[in-house]
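Student: I'd like to go through this structure with you, starting with the aromatic side chains and then moving on to the sheets. Can we take it piece by piece?

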Amino acid sequence: MEQPIPVYAVNLPARTDRRAHIEAQFAGRPEFRLTVVPGREGVNGPWALWQTFYDIVRREAERGTPYFVFCEDDHTFTSDYDASFLLRRIHEADALRADLLSGGMACVRQPVQVSPHLFWVAWFNGMQFTVIFRRAYARILAAQTSEGYVTDVQLSTLLRNKFVTFPHISEQREFGYSDATSINAEEGRVSRFFREARRLLQKLDKVRTFYASADAATLAAVRRMDVADMCLPTYVISLPERTDRRAHILHQFDGRPEFDVRFVEAVRHEVGAVGLWQSIRRVVEQAERDDDDCVLICEDDHLFTPGYDRTRFLHQVVLAGAMGAQLLSGGIGGFGNLVPLGDGLAWVDWLWCTQFIIVYRKAYRPILDAAFSVRDVADGKLSTLLTAKMVTVPFVSRQADFGYSDVTDANNRQAQILRHFDDAEQTLAHYRYAHRRYLAGRPVGEEPLWRPADCLAEPGPHRLQIGCGANLLTGWCNTDVEPTYGALFLDATQPFPLPEGCMDCVVAEHLLDHLSFVRGRDVVRECFRVLRSGGVLRLAVHSVERLAAAYAQPDGAEWQDYARWSAAYYSPRAARALVPDGAVPPWGLVLTNFMQHNKTTVLYDFALLRSLLEAVGFRDVVLRPIGQSPRPELQGVDHPDPYQPPAAYAFETLTVEAVKP
């Protein structure tokens with residue numbers, strides 16, 4: 001018989017009702033060894049919970065325990081709990097090299113079902129019953145803090161391999177109050193979260209089960225098909241007067257004989273979304289008359305991505321049809337949940353954008369019979385009407401940004417379309433990670449680096465980037481408090497887990513300006529400490545220096561260009577109401593835009609930033625142009641906002657370098 005599982009239930013001594021409840025939950029369950037741990041007292045509930053959790057992890061790491069259960073005193077076993085079920089899930093998760101296994105989550109993001117009874121998740125909420133495995137101990141202990149974190153959010157960031165049992169074996173009991181989050185004291189709120197999370201996993205399980213039952217022989221035959229002569233009826237929705245778009249779309253299909261391209265003049269309507277729907281409906285009517293099995297509907301802003309491959313895509317079109325798809329999108333600017341199906345196909349529950357969609361015969365009648373109101377949009381209506389929606393992974397299509405949209409006013413903002421698709425790609429990265437690691441049959445191994453100090457084992461020079469976001473520099477130790485795939489966790493507001501004098505260069509872009517001055521000073525001190533003598537710190541911050549100068553000299557061309565861009569990008573409605581056509585927006589409106597958009601905490605100018613750096617000990621503080629440096633290793637390390645024109649970004653940004661003597 002296995003040893004009892006150590007369980008630590010956190011309880012504030014004054015909460016006698018909760019203590020009685022949690023002891024009753026584990027009474028008569030010999031598979032557990034319950035220890036009630038007094039929670040830390042403090043006005044900040046999340047801080048106290050993290051510190052208590054941290055102490056437990058440290059204790060179990062010293063003992064070498066293979067795993068333990070961290071439990072909150074409002075945990076309640078569900079009717080699906082069974083001791084043997086839990087043990088099997090623990091062993092299964094451990095074999096997948098799990099860091100964490102939850103018995104039930106109140107909220108999950110990007111869940112991927114990796115077996116009939118386990119879902120991997122990118123992010124979760126709920127710590128009432130959580131198995132922590134030994135392989136996660138060191139990562140958690142490396143996140144030492146003098147303050148605290150929200151425990152579930154922090155573990156979502158720190159740990160890659162997080163799972164939840166399906167079905168849930170644990171939920172939270174409502175006591176009418178919450179020490180962690182005051183809004184959870186609302187009656188029924190917590191129960192509703194768990195109910196919605198449970199329904200989501202049930203829905204995704206049904207989807208996986210449905211597509212897993214597809215006829216294997218049929219799919220195998222489709223994969224072997226010769227698609228060399230296949231040609232898709234392709235209808236491009238366009239307006240003749242938009243010659244820029246027509247030239248663009250013709251270039252996209254040039255040299256691609258797999259598409260039989262026909263132009264359809266877009267239906268003109270005072271509501272752009274209605275016009276688009278009527279245009280789609282017109283194409284579907286034609287496809288039904290022609291008895292086509294499927295038809296490609298394309299908008300004239302479609303742009304093929306580097307991921308497009310003719311043979312692969314045509315196989316996907318046929319495979320999706322064989323699996324019962326009603327719609328296959330080549331790329332989407334937003335979606336909710338996704339189920340990987342293999343062969344570069346995935347089911348989605350809803351989608352944004354219709355610039356490149358395959359519509360199958362099964363969808364013709366639902367589309368043609370649907371009522372469409374002035375409050376509807378095409379992608380939303382298709383998401384509601386059709387249940388069998390798929391997308392290619394990776395995306396083979398994006399929208400080109402022409403700076404205007406007839407359908408959605410919000411997309412008239414410069415680069416808004418690009419932002420939608422970039423956000424969708426970032427969300428897709430979670431699914432691709434889970435699919436590659438757990439579903440694609442590839443070997444499961446440990447990530448070679450998981451803390452900044454590990455980078456020192458690599459051949460030098462050693463370079464550190466803090467607050468990297470999505471800007472991963474080759475040959476650098478890229479870190480962030482919310483690291484993307486390929487980056488490491490580092491909370492720059494805490495002492496860096498690095499020895500003194502170990503780095504040749506440190507880069508931080510738009511980090512200091514979002515911290516208080518005192519916090520920023522602490523970050524700079526740590527940068528100074530970890531740099532070797534002669535090492536360089538490069539900082540970029542949002543700066544009001546040029547804005548302030550423009551107040552005294554409002555006639556400068558650079559200022560006027562920036563002011564017009566700022567009003568059009570940040571506040572188009574205010575600009576239309578306050579600024580005559582062609583006029584320069586008022587300085588106060590531009591400053592307000594700058595403050596609200598950049599969420600700046602400290603307003604730096606060069607003098608203030610130099611004073612801060614010199615006070616810490618840096619010397620030779622100099623201004624640098626964006627992307628430029630006399631040091632080759634610092635050239636091109638900056639990551640300007642891709643949604644701003646370079647001149648506008650440069651107007652808002654101050655970049656300096658400083659040397660440690």
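This is a predicted model: local features need pLDDT of at least 70, side-chain atom pairs count only at pLDDT 80 or more; totals for chains, interfaces and linings use all residues.

Student: How many aromatic pairs does the count come to?

Tutor: The count comes to 40 aromatic pairs, taking ring centres within 6.5 Å as the rule. One of them is formed by Phe68 and Tyr137, whose ring centres are 6.0 Å apart and whose planes stand at 40 degrees, so the pair is tilted.

Student: How are the rings of Phe335 and Tyr431 arranged?

Tutor: Their centres are 6.0 Å apart with the planes at 50 degrees, so this pair is tilted. It links distant parts of the chain, with Phe335 in strand 18 (residues 334-335) and Tyr431 in helix 13 (residues 416-439), 96 residues apart. Both Phe335 and Tyr431 are buried.

Student: Switching to charges, which rings have an Arg over the face?

Tutor: Trp123 has Arg109 over its face, at 4.0 Å from the ring centre, and Phe263 has Arg246 over its face, at 4.2 Å from the ring centre.

Student: Now the nonpolar cores: how many residues has the largest, and which have the most contacts inside it?

Tutor: The largest nonpolar core has 69 residues, and those with the most contacts inside it are Phe32, Trp120, Phe129, Phe163, Ile297, Phe335 and Val359. Helix 9 (residues 272-289) contributes the largest share of this core, seven residues.

Student: What is Ile297 in contact with, leaving aside its neighbours within four places in sequence?

Tutor: Its contacts beyond those neighbours include Tyr235, Ile237, Ile280, Val283 and Val284, and also Thr354, Gln355, Phe356, Ile357 and Val359. There is also a second, separate core of 68 residues, which includes Cys294, Tyr308, Val339 and Leu341.

Student: How do strand 1 and strand 3 run?

Tutor: Strand 1 (residues 5-11) and strand 3 run parallel and are joined by four bridges, with Val10 having Glu72 of strand 3 as its bridge partner.

Student: And what about strand 7 and strand 8?

Tutor: Strand 7 (residues 112-115) and strand 8 run antiparallel and are joined by three bridges, and a hairpin of two residues connects them. Within this pairing, Gln113 has Phe119 of strand 8 as its bridge partner.

Student: Which residues of strand 8 are buried on one side and on the other?

Tutor: Strand 8 (residues 118-121) is covered on both faces, with Leu118 and Trp120 buried on one side and Phe119 and Val121 buried on the other. Strand 8 also pairs with strand 11 (residues 162-165) in the antiparallel sense over four bridges, and there Leu118 stands opposite Thr165.

Student: Why is helix 5 largely enclosed?

Tutor: Seven of the eight residues of helix 5 (residues 151-158) are buried, so the rest of the structure largely encloses that helix.

Student: Last topic, the open sheet of seven strands: what is its order, and which strands stand at the edges?

Tutor: The order is 27-26-25-28-29-31-30, with mixed pairing. Strand 27 (488-489) and strand 30 (619-623) stand at the edges with a single partner strand each, so one side of each has no neighbour in the sheet. Strand 29 (residues 531-542) pairs with strand 31 (residues 653-659) in the antiparallel sense over seven bridges, and Ala540 stands opposite Thr655 of strand 31. Helix 14 (residues 517-530) lies across strand 25 (463-466), strand 28 (503-509) and strand 29, running at about 150 degrees to strand 29.

Technical notes. Residues are numbered from 1 along each chain as its sequence is written. Side-chain values use heavy atoms; hydrogens and water are left out. Rings of Phe, Tyr and Trp (its six-membered ring) pair if their centres lie within 6.5 Å; planes under 30 degrees apart count as stacked, over 60 as edge-to-face and the rest as tilted. Buried means under 20% relative accessible area, exposed over 50%, partly exposed in between (1.4 Å probe, protein chains only). A charge sits over a ring if NZ of Lys or CZ of Arg is within 6 Å of the ring centre and within 35 degrees of the ring normal. A nonpolar core is a set of buried Ala, Val, Leu, Ile, Met, Phe, Trp, Tyr and Cys residues joined through side-chain atoms within 4.5 Å. Contact means heavy atoms within 4.5 Å. Two strands pair if DSSP finds at least two bridges between them. Axes are lines fitted to C-alpha atoms, for helices over the stretch in contact, and angles run from 0 to 180 degrees between N-to-C directions.
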